[in-house]
Amino acid sequence: MPQAAETSPTSLFEGAEQGYSIKLDAFEGPLDLLLHLIRKNEVDIYDIPIALITRQYLDYLKLMKELNLDLAGDFLVMASTLLQIKSRMLLPLPDPEEGEGEEQEDPRAELVRRLIEYQRYRDAGLELGARELLGREVFVRPCADGCCLEGFAGDDGPFELDLFELSEAFNRLLAKIPMARAHEVAGQDTLSIVDAINEILTRLDGQDSMEFESLFQEDMSKERMIVTFLALLELCRIKLVKVIQNSRYGTIYIFPSVPVTDDNGVVDALPFT
Amino acid sequence: MHFPSLNAIIEGLLFVSDGPMSLDRLTELLPDYERASVRLAVQELRDDYEQRGSGVHLVEVAGGWQLRTVPELMPYLSRMVKGRPARFSQSALETLAIVAYRQPITRQEIEYLRGVDTGAVLKTLLEKRLVKILGKKDIPGRPIIYGTTREFLEVFNLKDLKGLPTLREIQSLDEVPIFEVQEELPLGGEQRGES
């Protein structure tokens with residue numbers, strides 16, 4: 001079945017009911033983040049409560065800073081724009097005589113125009129991406145490999161996921177476990193990290209890649225899922241696999257980064273076994 | 001073997017062609033036939049494929065006709081295709097959409113619309129030949145202007161640029177056009193009309 005690309009930005013500040021959730025998401029830029037905040041607060045884009053949005057925006061920047069993420073200059077520029085708008089809205093109306101002939105505009109108007117414009121193109125981009133693309137859904141005879149799309153994996157992809165994105169993906173899977181099973185006492189089904197590592201490597205053997213989600217089966221216990229996840233982290237650390245995503249919110253793939261097994265599918269010499 | 005029909009000849013031409021074939025090109029290759037009958041044959045061929053429920057169909061794309069597999073085959077065909085399926089990041093799609101709808105456009109204009117640096121994305125789109133340099137804008141600094149390519153139309157299954165999906169207005173937040181509301185705000189132009 002065609003896999004619809006997961007596109008919408010999700011879950012900033014969401015999922016707070018779970019203590020361990022990572023409240024972080026990657027945004028394509030300050031406008032993307034602002035749109036998210038506007039939607040999340042369900043406020044009117046034409047009448048943005050600037051103090052509220054500015055505060056949440058700054059909270060997000062703070063979070064990025066705390067997590068030592070690269071705080072792109074674009075985000076800081078927008079922060080100062082928001083603060084400027086906020087301060088202008090606090091000022092009294094200019095003297096009518098001085099302002100004569102000049103159009104008095106809402107300080108937010110320019111930002112709103114940009115947000116709306118941005119959203120139009122963002123949506124148009126998503127619509128384009130959902131089309132039946134040559135080399136993805138549709139193929140032509142002389143270039144079954146997708147001559148035009150060959151090797152195209154996005155502007156900055158394929159990129160390795162950072163820990164937060166991986167944790168978030170894992171949290172999404174964990175959230176799917178029914179509550180009743182979440183409290184299960186560990187049964188006989190115990191699995192050591194080394195076993196889990198071998199299991200992952202065995203499944204990866206002979207394959208170019210596998211999907212992150214396929215590591216975890218529905219009937220797995222929470223413990224087993226966590227062990228599997230820790231095994232994956234360990235594999236990343238010792239650089240036996242790469243965890244890669246072609247696009248933000250896209251499917252996560254696990255690649256063997258070096259041939260790690262012999263012909264019989266046996267792992268040779270894990271560094272710590 | 002009996003004499004091949006025009007439909008069969010065109011089918012053969014389209015089969016061996018390595019890109020979309022325009023009506024002009026077909027007519028040029030088939031000097032013995034009228035342009036109108038070539039056009040009719042192409043349409044009949046297209047309907048044939050359609051009615052037969054074939055795995056291949058004839059699509060009008062990037063100003064020409066091309067035999068392509070039907071999208072429903074994707075799950076089967078992608079097994080044969082090497083590597084991972086092509087994917088576009090959101091930033092690539094955003095940038096591509098802006099270039100497609102607003103061309104000719106400078107990098108600075110794209111960056112204003114997106115609010116982020118777009119150099120790397122543009123570079124990749126250029127390398128993948130989805131975007132090309134159209135020239136330089138006649139303003140100070142002579143910035144480069146960009147537009148989409150024929151490959152863009154091919155990849156995105158578009159007949160021409162007019163086939164782009166229409167830009168939708170912002171949805172689900174508010175239906176009121178922007179300026180109508182702005183005028184009512186307390187900071188609006190109440191001061192005017194005093195002289």
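Predicted model: local features only at pLDDT ≥ 70, side-chain atom pairs only at ≥ 80, totals over all residues.
Student: How is chain A built up?

Tutor: Chain A has 8 helices and 4 strands. Along the sequence they follow the pattern α-α-α-α-β-α-α-α-β-α-β-β. Of its 273 residues, 47% count as buried.

Student: Let's look at the rings. How many aromatic pairs does a search of the whole structure find?

Tutor: The search finds 9 aromatic pairs over all chains.

Student: Why is the pair of A:Phe27 and A:Tyr60 called edge-to-face?

Tutor: Good one to start with! A pair of aromatic rings is described by the distance of the centres and the angle of the planes. Here the centres are 5.5 Å apart, and rings pair if their centres lie within 6.5 Å. The planes stand at 85 degrees, and over 60 counts as edge-to-face. The pair is therefore edge-to-face.

Student: What makes this pair a link between distant parts of the chain?

Tutor: Look at where the two residues sit. A:Phe27 is in the segment before helix 1 (30-40) of chain A, while A:Tyr60 is in helix 2 (residues 50-66), and they are 33 residues apart.

Student: Are these two residues buried or exposed, and how do you know?

Tutor: Buried means under 20% relative accessible area. A:Phe27 has 9%, so A:Phe27 is buried. A:Tyr60 has 2%, so A:Tyr60 is buried too.

Student: What kind of pair do A:Phe212 and A:Phe216 form?

Tutor: Theirs is edge-to-face, with 5.3 Å from centre to centre and 70 degrees between the planes.

Student: Which residues do ring pairs link into a cluster?

Tutor: The cluster holds A:Phe170, A:Phe212, A:Phe216 and A:Phe229.

Student: What makes something a cavity?

Tutor: A 1.4 Å probe fits there but cannot get out.

Student: Which residues line the largest cavity?

Tutor: They are A:Ala196, A:Glu199, A:Ile200, A:Arg203, A:Leu215, A:Met220 and A:Thr228. Helix 7 (residues 193-204) of chain A gives the most, with 4 residues.

Student: How is this lining divided by class?

Tutor: It has 4 nonpolar, 1 polar and 2 charged residues. Glu and Arg count as charged, and both A:Glu199 and A:Arg203 are in the lining.

Methods: Residues numbered from 1 in each chain as written. Chains lettered and ligands numbered in written order. Heavy atoms only, no water. 1 Å grid on protein atoms, 1.4 Å probe; cavity = no way out; pocket = protein on both sides within 12 Å on 5 of 7 lines; lining within 4 Å. Helix = DSSP H or I, 4+ residues; strand = E, 2+ residues; numbered from the N terminus. Buried < 20%, exposed > 50% of the residue type's maximum accessible area, 1.4 Å probe, protein only. Phe/Tyr/Trp six-rings, centres within 6.5 Å; stacked < 30°, edge-to-face > 60°.
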